[in-house]
Amino acid sequence: MKCGNVSIMGRPNVGKSTLLNALLNIKLAITTDKAGTTRNIIEGIYQDSESQIVFIDTPGIHKPLNKLGNLLNKKAYQNIDNADIILFLIDASTGFGKGDKFILDKIKENEEAKVFLVLNKVDKVNNAELLKLITSVKDLYDFKEIIPISALKGQSLNDLVNTIKKYLEEREPLFADDELTNVSTRFIMSEFVREKAMMLTRQEIPHTITCYTENFVEEENIINISVLIVVDRANLKKIIIGKNGQMLKKIGTLAREEMEKFLNKKVFLELHVKTINNWRDEEKYLIELGLKEDE
């Protein structure tokens with residue numbers, strides 16, 4: 001069977017998580033228009049009769065402002081070293097910038113990996129603009145393939161998968177047939193809550209919030225889930241809760257809909273909000289919230 005690890009690398013907001021979800025045809029990774037949405041390494045396992053491809057969604061590499069930022073970059077760098085194939089994803093609608101060049105320089109450090117240049121969001125540019133971008137980037141590295149796609153529209157994704165298969169080696173499967181991802185269901189539930197909180201609140205919220213599933217109890221006809229929302233300032237807690245609790249209620253309603261779609265079962269969801277000052281710089285909280293391994 002053709003098997004291998006394929007890391008999806010790129011700047012924040014180039015569509016890495018959208019691509020992972022589209023390739024697997026299921027929502028594993030949350031997506032928003034806010035930079036820094038992805039915080040954990042999420043592996044999605046694509047399987048068919050001839051191949052098993054482990055797609056790895058990585059945090060967008062960026063200039064870190066705190067311990068959390070440094071940790072996210074470290075996670076992304078580790079998956080450069082461990083990849084058989086690297087999908088270097090750039091946003092065709094914004095072009096190739098300094099952030100892309102920085103990531104490409106990091107990718108070059110893995111001399112063994114096969115690197116594809118994947119131009120995402122091609123639905124937002126015309127053919128002339130796309131050709132100009134490809135011409136300006138193609139000679140920066142010896143890319144094995146150059147593939148334009150639209151993850152959101154599902155454009156050319158079958159071509160991408162079939163091309164990946166050509167470069168994979170025959171080996172024993174890395175995961176069992178029924179495995180879908182490396183992350184727990186509890187983690188995915190907490191991410192659904194974080195996604196809705198990010199979508200519904202002001203710009204200052206996304207980088208100051210995290211979520212943690214405190215309780216997950218499955219009964220015959222319903223799953224009871226409790227998720228803790230953590231922010232780093234008291235005034236942000238008020239924003240999350242909203243007037244008369246309306247914002248928290250809206251977050252919960254939308255998150256519960258995602259949970260029920262994923263779990264295919266009715267969900268009773270409870271949300272709690274807690275302030276932990278400067279949690280993004282406190283290692284003990286990064287460990288507690290599953291963002292750092294306790295070494």
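Visitor: What order do the strands of the open three-stranded sheet have, and how do they pair?

Guide: In general, strands of a sheet pair through backbone hydrogen bonds, either parallel or antiparallel. Here the three strands sit in the order β8-β9-β10, and the pairing is mixed. Strands pair if DSSP finds at least two bridges between them; helices (H or I, at least four residues) and strands (E, at least two) are DSSP runs, numbered from the N terminus. One caution: this is a predicted model, where local features need pLDDT of at least 70 and side-chain atom pairs count only at pLDDT 80 or more, while totals for chains, interfaces and linings use all residues. Residues are numbered from 1 along each chain as its sequence is written, and side-chain values use heavy atoms, leaving out hydrogens and water.

Visitor: Which strands stand at the edges?

Guide: β8 and β10 (267–275) do; each has a single partner strand, so one side of each lacks a neighbour in the sheet. On average, neighbouring strands are turned by 20° against each other, direction ignored.

Visitor: How many bridges join β8 to β9?

Guide: Nine, between β8 (residues 209–218) and β9 (residues 223–231), and these two run antiparallel. They make a hairpin with four residues between them. To find your way along it, look for Phe216, whose bridge partner in β9 is Ile225, and for Asn215, which stands opposite Ser226.

Visitor: Which strands does helix α6 lie across?

Guide: Helix α6 (residues 185–200) lies across β8, β9 and β10, running at about 135° to β8. Helix α7 packs on the sheet too, touching β8, β9 and β10, and its direction makes about 155° with that of β10. Those angles run from 0 to 180 degrees between N-to-C directions, with axes fitted to C-alpha atoms, for helices over the stretch in contact.

Visitor: How do I read a pair of packed helices?

Guide: Two packed helices are described by the angle between their axes and the distance between the axes. Take α7 (residues 234–241) and α8 (residues 246–263): their axes come within 5 Å and cross at roughly 65°. Ile239, Ile240 and Ile241 of α7 meet Gln246, Met247, Leu248 and Ile251 of α8, contact meaning heavy atoms within 4.5 Å. By class, that contact has six nonpolar, one polar and no charged residues.

Visitor: Is Asp100 buried or exposed?

Guide: Asp100, found in helix α3 (residues 98–107), is buried because its relative accessible area is 0%. The cut-offs are under 20% for buried, over 50% for exposed and partly exposed in between (1.4 Å probe, protein chains only). The side chains of Asp100 and Arg11 are joined by a polar contact of 3.0 Å. Beyond its neighbours within four places in sequence, Asp100 touches Arg11, Phe88, Ile90 and Gly95.

Visitor: Which residue's side chain does Ser17 join in a polar contact?

Guide: Asp57, at 2.6 Å. Ser17 lies in helix α1 (residues 16–24) and counts as buried because its relative accessibility is 7%.

Visitor: How many disulfides does a search of the whole structure find?

Guide: A disulfide is a covalent bond between the sulfur atoms of two cysteines. The search, which takes cysteine sulfur atoms within 2.5 Å, finds zero. Cys3 is buried at 0% relative accessible area, and Cys211 counts as buried at 6%.

Visitor: Where does Leu174 lie?

Guide: In the loop between β7 (169–170) and α6. Leu174 counts as partly exposed, at 37% relative accessibility. Leu174 and Ile53 are 121 residues apart in sequence, yet their C-alpha atoms are 8.8 Å apart in space.

Note on methods: Nonpolar A, V, L, I, M, F, W, Y, C, P; charged D, E, K, R; others polar. Polar contact = N/O pair within 3.5 Å; in protein donor to acceptor, adjacent residues only side chain to side chain.
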